[in-house]
Amino acid sequence: MLLRLAWATLTRHRSRTLLAILGVAVSAAMLLDMVMLSSGMRASFRTLLLSRGFQLRLAPKGTLPFDTDATIPDASGVMRVLRTIPGVTTVSPVLGGQLHIVRGARTIAATALGVDPAVQGDYEITQGRAPASPLELVASDDFLRASGARIGDTLSAASGYDAQLRSFSGQRVLTIVGRAHFLYMPAEQRAVAIPLATLQQMQPGPATQNRDHVSLFMVKAREGEPVDSVLRRIETALPRVSAISTETAMRQVDERLSYFRQLALILGAVSLAVGFLLVTTLVTVSVNERLGEIVVMRAIGVARGRIVLQIVIEGIAIMVSGALGGLGLGLVTARYLNSILASFPGLPAAIDFFLFEPHDAWFALGLLTVAGILAGIYPSWRGASLPIAVTLREEAVG
Amino acid sequence: MSDVVMKASDLRREYHMGGELVRAVRGVTLEIARGDYVAIVGPSGCGKSTLLNLLGGIDRPTTGSVTIEGSRIDQLSDAAATRFRLHHIGFVFQRFYLMPALTAIENIELPMAEAKIPRDKRVRRGRELLAYVGLEARYGHRPAQLSGGEQQRVAIARALANKPQLLLADEPTGELDAKTGTEMIELLAQVNRDGTTIVVVTHDEDLAGAAHRVVHMRDGVVVDDRRQR
Amino acid sequence: MLAALLIAAFSQSIDSTPPPRPPRTVAIDERLAADAGIHVGDRLLLTPTPGGDVGSAGSGDSVIVSALVRRRADPSEVARAEYRVRMHLDELQALIGYGDRVDRFAVSARGTAGTDSALRRINDAAFGFRAYRSRDIAVETSRTFLVVSRFHRAIGVITIVASAIFLLCIMLLKVDERRRDVAALRLMGISARSIVRSVMVEAALVAVVGSAVGVGLGWLSSQIINWHYRGVYRTPLAFAVVTPGIVLLAVSLSLALGLIAGFVAAQRLVHMSPLELLSGRREERSPAAAATAG
């Protein structure tokens with residue numbers, strides 16, 4: 001009967017109830033988006049970092065991977081040391097650079113990764129195969145689109161361009177053997193990957209210069225081996241590199257993108273407050289309209305707690321209906337907002353700012369339900385606690 | 001059980017309004033026998049509605065006591081008084097005060113649901129009561145779809161839902177036209193004949209005329225109390 | 001660090017005059033000085049590679065801190081906790097083995113016409129490089145802000161939708177509350193137009209007062225946001241600014257929404273007869289019941 005009365009009361013003012021549900025739905029959508037935003041970035045970045053199983057990254061001392069142009073010298077020596085460290089199972093060296101690809105009269109600049117194709121963790125082959133010989137490369141969709149090249153084509157690539165002499169240096173003829181999805185590259189990045197030794201040899205500078213350097217090592221620790229212990233062993237054995245665990249990288253990302261988390265917190269709180277205010281207003285007005293009914297229910301013997309419960313159920317019903325509607329709306333707006341933030345410069349395209357996880361929806365729903373309960377409690381308690389005789393007299397006059 | 005269903009002793013009710021002390025009821029003592037039909041009459045502002053509220057436990061006396069079926073309802077907690085009203089007292093108001101969102105039968109079911117009566121029994125009794133007040137065909141109608149007289153009949157059915165010993169009615173014909181008022185008077189008389197003690201506050205001479213006993217009030221005190229039949 | 005060194009050097013390259021040697025001197029930014037506990041007069045070792053030693057290949061340079069500089073508030077550097085060292089171009093070129101090369105030149109010209117003509121003439125004579133207008137480069141480098149600004153705009157649109165619904169809901173509640181008053185006015189002969197006008201005036205007042213309170217809250221929160229983020233990012237930049245334009249937009253938008261909400265709500269009232277308003281029976285009463293009721 002309690003539920004029936006709550007339902008009947010809500011359906012009695014359909015347009016009012018529908019508007020309130022719609023208002024709560026928009027607030028709920030915003031709240032869900034903000035909950036997704038606050039946790040999505042971290043979860044998405046963590047998934048990305050661990051997607052190929054490398055838990056550690058080694059960068060030049062005091063830097064973050066690819067944050068500067070600095071490189072780790074004596075890469076072969078470092079590799080040898082790394083392989084002797086207990087707990088290290090796979091080491092993937094990566095050198096970052098720029099290549100100029102000559103296509104007819106045009107020159108296309110591309111980000112180049114020098115990798116060991118057998119152990120690399122930077123890309124996934126989507127078509128063709130990985131480079132098997134020094135003069136083969138795999139390229140990103142954007143590169144292939146921009147250059148008009150196809151798998152099997154040969155390209156003239158250079159690592160340097162002397163503006164004064166208008167000549168290329170470190171030139172090689174490379175064959176495209178595959179199409180790849182580069183995991184850590186921003187959207188619309190023209191990227192290629194070639195064997196590490198080839199890219200090292202293409203680097204500009206005198207022939208005698210030592211080119212045995214890399215930008216980064218990615219390291220896999222043995223399963224069951226605590227990553228922190230491996231990290232400490234690496235730092236002891238190689239004092240001139242910074243070993244960065246996934247957690248450290250996450251902290252760095254947190255720091256750089258703290259704005260979005262804080263914005264999510266503020267906007268989430270505002271959305272919740274708006275939903276709460278909306279339902280409080282509605283319940284308060286509804287209680288004021290029904291003071292006569294409420295005191296008569298008390299007069300005929302309905303307990304105060306039951307009346308409060310019935311009104312609170314109305315508040316919860318609006319909140320929960322709004323929240324369920326808001327779930328769909330939230331997912332749609334999250335996709336739209338994500339498409340805006342996906343073009344954030346310098347971030348891997350695979351990062352989702354708004355990552356939906358069921359616990360986010362439960363969390364938002366829980367918050368809204370609590371808000372619905374709180375929104376209903378005060379006005380209903382006030383209404384149910386009014387002196388019956390006085391209120392009836394006033395209602396009769398009013 | 002005693003023949004006296006309700007006893008009020010030296011009831012007084014004072015309250016402040018606009019900075020002035022109002023003595024609405026000033027020492028009323030009253031005994032109401034089981035099965036009696038009592039009308040409280042008097043000019044506006046004489047304290048008769050306040051007295052009815054005190055007798056029904058929806059207002060508390062400043063001093064004095066109200067005993068119904070051996071229970072001092074003026075000493076009960078708010079929750080206990082509410083529970084007591086649910087089982088022992090039925091209320092009928094001048095403005096009907098049905099729940100507008102509920103249908104006629106649902107309005108009658110409301111106090112039964114509160115008393116934890118199973119749904120099938122509630123529906124059965126609800127239909128019986130609707131038939132009793134002559135509205136069996138209107139069980140699915142909402143208050144706004146009923147006339148004033150019909151609404152008051154539903155209100156009487158609701159008041160009788162938990163088979164109370166006492167029915168208190170405040171101006172039950174106050175919002176009705178003469179013809180409907182007469183029908184209401186007949187219905188209340190029928191309810192009384194079927195065993196329910198009735199106390200009614202009214203300006204309506206016809207309604208007062210139907211009661212067994214008429215209590216006249218003026219300025220918060222009983223000035224006349226006489227049995228008519 | 002290396003990139004930072006480069007940028008610092010080139011931004012000063014045009015005006016710098018050769019420093020007295022020895023000793024070599026550098027200026028460092030206040031943030032680095034504070035974090036590393038460096039003071040003017042301290043001797044530092046600069047190396048192009050992490051952990052590099054003086055005297056080894058790609059050797060480092062021993063320098064004295066001659067000045068602390070306060071970096072300009074640059075939005076594009078806000079989230080990057082980088083340090084800056086400013087040194088003389090030739091010393092940096094020698095330190096990092098860059099040869100006689102620079103990444104870019106900054107050129108100043110007189111007025112817009114001067115800039116246009118300088119740009120044209122440089123590009124005509126350019127041999128292996130190209131001149132760009134600073135403003136064009138700024139647009140290119142401010143993509144982050146464009147993205148953030150688009151994001152904020154999208155959030156703003158959602159907020160406006162929510163506000164519009166909220167306002168409409170409040171106005172419906174208000175007119176529902178006043179059904180009886182309006183019925184009485186209608187019975188007294190007050191026209192529907194007057195009632196609509198009065199409801200709209202009320203809605204406009206609610207919207208204006210609400211937006212005034214909102215502007216106040218917005219100003220207060222902008223102060224808190226600026227205080228917070230200036231601390232977090234150690235910059236004098238303003239992150240949230242309440243401008244007259246924003247105030248005008250907020251108030252006029254609320255007013256427009258308020259008037260629309262008021263109009264919609266008022267239409268509900270005036271399209272019901274006074275008797276319907278008094279009884280509140282419009283929604284509930286079916287024709288069959290209406291025939292028998294009353």
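## A look around a predicted three-chain model

Chain B is built from 7 helices and 10 strands; both are DSSP runs numbered from the N terminus, with helices (H or I) of at least four residues and strands (E) of at least two. This is a predicted model, in which local features need pLDDT of at least 70 and side-chain atom pairs count only at pLDDT 80 or more, while totals for chains, interfaces and linings use all residues. Residues are numbered from 1 along each chain as its sequence is written, and chains are lettered from A and ligands numbered from 1 in the order in which they are written.

Let's stay with chain B. Its C-alpha atoms fill a box of roughly 45 × 40 × 40 Å along the principal axes. Chain B has a radius of gyration of 17 Å, which agrees with the value near 17 Å for a compact globule of 229 residues. That radius is taken over C-alpha atoms, and the globule rule is 2.2 Å times the number of residues to the power 0.38. Of the 229 residues, 54% count as buried. A residue is buried if 20 or more other C-beta atoms lie within 10 Å of its own, exposed if 12 or fewer, and partly exposed in between, with C-beta atoms placed from the backbone.

Next, see how chains A and C meet. The contact takes 37 residues from chain A and 30 residues from chain C; two residues are in contact if their C-beta atoms, placed from the backbone, lie within 7 Å. On the chain A side, H2(A) gives the largest share, 9 residues.

What about the nonpolar cores? Such a core is a set of buried Ala, Val, Leu, Ile, Met, Phe, Trp, Tyr and Cys residues joined through C-beta atoms within 7 Å.

| Core | Size | Residues, among them |
|---|---|---|
| Largest | 162 residues | Val24(A), Leu31(A), Ile40(B), Cys169(C) |
| Second, separate | 53 residues | Val94(A), Tyr123(A), Tyr184(A), Ala243(A) |

Finally, chain C averages a pLDDT of 76, where pLDDT is the predictor's confidence in each residue, from 0 to 100. Over residues 1-16 of chain C the pLDDT is below 50. Helix H4 of chain C covers residues 111-125 and reaches 21 Å from its first C-alpha to its last. The number of buried residues in H4(C) is 0, so this helix lies largely in the open.

Terms used. Expected span 1.5 Å × (residues − 1).
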